[in-house]
2 protein chains.
Amino acid sequence: MSTPPSERARVKRYNHIADYDPATIHAILDAMPLCHVGYVFNGSPFVTPTLQWRDGDCIFWHGSAASRMLESAECQDVCVTVSIYDGLVMARSAYNYNINHRSVMIFGKPEKLSDEEKAVQLRNMVNKTIPGQWERLRPVKPQELKATTVLSMKITEASAKLRSGQPDDDEDADFPVWTGVIPVRHEIGAPIPNPKNVPGVEFPEDGHKFKIG
Amino acid sequence: MSTPPSERARVKRYNHIADYDPATIHAILDAMPLCHVGYVFNGSPFVTPTLQWRDGDCIFWHGSAASRMLESAECQDVCVTVSIYDGLVMARSAYNYNINHRSVMIFGKPEKLSDEEKAVQLRNMVNKTIPGQWERLRPVKPQELKATTVLSMKITEASAKLRSGQPDDDEDADFPVWTGVIPVRHEIGAPIPNPKNVPGVEFPEDGHKFKIG
Ligand SMILES: Cc1cc2nc3c(=O)[nH]c(=O)nc-3n(C[C@H](O)[C@H](O)[C@H](O)COP(=O)(O)OP(=O)(O)OC[C@H]3O[C@@H](n4cnc5c(N)ncnc54)[C@H](O)[C@@H]3O)c2cc1C
Ligand SMILES: Cc1cc2nc3c(=O)[nH]c(=O)nc-3n(C[C@H](O)[C@H](O)[C@H](O)COP(=O)(O)OP(=O)(O)OC[C@H]3O[C@@H](n4cnc5c(N)ncnc54)[C@H](O)[C@@H]3O)c2cc1C
Ligand code: HEM
Ligand code: HEM
């Protein structure tokens, strides 16, 4: 276990499975675009599901220039959490049931990107989902960029927790009930073409690289 | 679309895909145990991944009696969000890319369960994961119940958003690029037995009912 970057990001519960290594944190962020952004508005917390992507030591997310989530988050304290459910850990006792998982919590104050950076990062968003897809699409229009806000946040204050493997309940080793793990993973299905597609267009080879989890 | 239960839970962006019907909200909660609890501590928002389960018109979540998340959430404003990524919607333009999804946001002030209710709901947690499993396990001990806190929250102030199907971009219908949906679902893998299992124990028939998403 490396050192926590701040008191706020120091894991206390189950801290034997904590990790603060940027490489570990980056790998979890890259595996799962779905994140949950927590912000405070009128004194109440809100948790909004959104897509994040990473470039270097920053994460980004996007939405409408009129979005309350983006307006309330800009330059304010937020917490962005990414979590992956990898499996159900079945122990001998209910108390020792657990979940195999990978998760990251990032704290910071996001900033709004300039128009120039925005175009770069929206292209990144698309091409990190499907390589080269931005170049195959109908080109983006100036008014579309204008309608869009992208926030960025440095990944400096962050923590990860990771669990894998079998239950930890040797104290009950003799109890005669099946124990083990039921793995869970994200399955990518066969692409469903739009019936309105222009005849002859083909699913891009790179589309098979789309992956989650 | 039914009527929002409060101003805080009224969907503004993409409100054509909003739904406030309890049956819709319950179905999403029942499909996905992983939730993200947002709470405010020392003025900052925190988003903690946790497992929720539902009984009637309440949701529940559990953890250590010493957990900061549970302590900070009790009787304070929280937002609990459940979201499911059902597919990548590939449009003709990057601007019209979207995600097929089901999500719920619930607002309220959670309450701590009494010892009696706690035992009932922890049994529910286990048996909603795998029917009848609580009865097969090493019985719970009084000190285990004591170490555990369960919070409950009424599902009165809540909203859902749901999207399914093909892209909405008829304005670009002639642009010759493949469009459609790449479906994503949670796959349950084959159970991995613990090498330390008591010889002869068998995976419970009901274990095959475990499902996510
Ligand atoms: C899929 C999944 C399911 C889970 N289910 C449950 C459950 O049902 N009950 C339960 O008690 N816990 C569950 N957890 C763990 C939960 O996320 C918290 O770690 C735990 O509840 C302790 O919370 P706390 O606020 O007391 O932690 P503390 O250790 O006091 O939190 C201090 C700091 O540690 C870091 N931290 C805490 N949790 C995480 C995390 N998950 N990932 C990255 N950094 C973290 C943050 O920086 C946080 O500010 C689950 C986690 C995952 C990923
Ligand atoms: C898997 C997934 C990925 C998403 N990716 C993105 C993305 O990349 N960019 C983006 O802009 N949006 C994304 N969304 C939608 C996002 O969750 C918000 O709905 C949207 O950003 C508008 O936020 P807002 O605060 O401006 O909404 P507002 O409409 O102003 O929010 C007002 C109220 O509407 C309700 N509400 C808002 N969003 C949701 C929701 N998702 N589920 C249930 N109730 C809700 C809440 O009660 C909220 O208080 C995604 C949603 C899901 C489930
Ligand atoms: C991989 C590519 C992309 C995906 C998967 C994606 C996905 C999404 C999702 C899920 C939403 C939320 C819709 C809702 O509220 O239910 C959204 C909103 C939005 N996206 Fe994207 N997006 C992508 C790229 C882009 C790009 C490149 C732009 C701009 C050029 C853009 C502009 C917007 C805008 C403006 C909104 C807000 C819509 C509104 O609230 O009215 N998106 N996007
Ligand atoms: C389906 C059944 C259950 C599952 C999947 C489950 C899962 C979990 C998970 C994922 C955690 C978080 C561990 C971490 O911080 O990384 C946790 C914590 C905890 N669970 Fe459960 N649990 C289950 C049932 C129970 C029951 C029945 C009890 C009590 C009898 C219990 C008591 C606790 C306690 C006390 C903690 C806090 C541990 C700590 O922070 O020290 N759990 N559980």
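**Entry 1: Conventions**

I noted that local features in this predicted model need pLDDT of at least 70 and that side-chain atom pairs count only at pLDDT 80 or more, while totals for chains, interfaces and linings use all residues. Residues are numbered from 1 along each chain as its sequence is written, chains are lettered from A and ligands numbered from 1 in the order in which they are written, and side-chain values use heavy atoms, with hydrogens and water left out.

**Entry 2: The sheet of chain B**

I looked up the strand order and found that 4 strands of chain B form an open, antiparallel sheet in the order S4-S5-S9-S8. Strand S4 (53–55) and strand S8 (111–112) of chain B stand at the edges with a single partner strand each, so one side of each has no neighbour in the sheet. Helices (H or I, at least four residues) and strands (E, at least two) are DSSP runs, numbered from the N terminus. Two strands pair if DSSP finds at least two bridges between them.

I then examined strand S5 (residues 58–64) of chain B, which is joined by 7 bridges to the antiparallel strand S9 (residues 148–154) of chain B. Ile59(B) has Met153(B) as its bridge partner in S9(B).

Helix H3 (residues 115–129) of chain B lies across S4, S5 and S9 of chain B and runs at about 120° to S4(B). Contact means heavy atoms within 4.5 Å. Axes are lines fitted to C-alpha atoms, for helices over the stretch in contact, and angles run from 0 to 180 degrees between N-to-C directions.

**Entry 3: Ligand 4**

Which protein residue gives a donor to the iron atom of ligand 4? I found a single protein donor, His62(B) (NE2), at 2.1 Å. Donors are N, O and S atoms within 2.8 Å of the metal (3.2 Å for Na, K and Ca); water is not among the atoms, so sites may look incomplete. His62(B) lies in strand S5 of chain B, the strand of Entry 2 that is joined to S9(B).

Residues from chains A and B surround ligand 4, so the site is shared between chains. I recorded 23 residues around ligand 4, and Arg13(A), Ala94(A), Asn98(A), Lys161(A) and His62(B) come nearest. A residue is near a molecule or strand if one of its heavy atoms lies within 4 Å of it.

Next I checked polar contacts (pairs of N or O atoms within 3.5 Å; within protein, one must be able to donate a hydrogen and the other to accept it, and residues adjacent in sequence count only if both atoms are side-chain atoms). An oxygen atom of ligand 4 is 2.8 Å from a side-chain N or O atom of Arg13(A). For Lys161(A), the distance from a side-chain N or O atom to an oxygen atom of ligand 4 is 2.9 Å.

The largest share of the shell around ligand 4, 4 residues, comes from H3(B).

**Entry 4: Ligand 3**

Ligand 3 lies between chains A and B. The iron atom of ligand 3 has a single donor from the protein, His62(A) (NE2), 2.1 Å away. I located His62(A) in strand S4 (residues 58–64) of chain A.

**Entry 5: Ligand 2**

Ligand 2 has 26 residues around it, with Pro49(A), His62(A), Arg8(B), Lys12(B) and Lys161(B) nearest. A polar side-chain atom of Ser103(B) lies 2.8 Å from a nitrogen atom of ligand 2.
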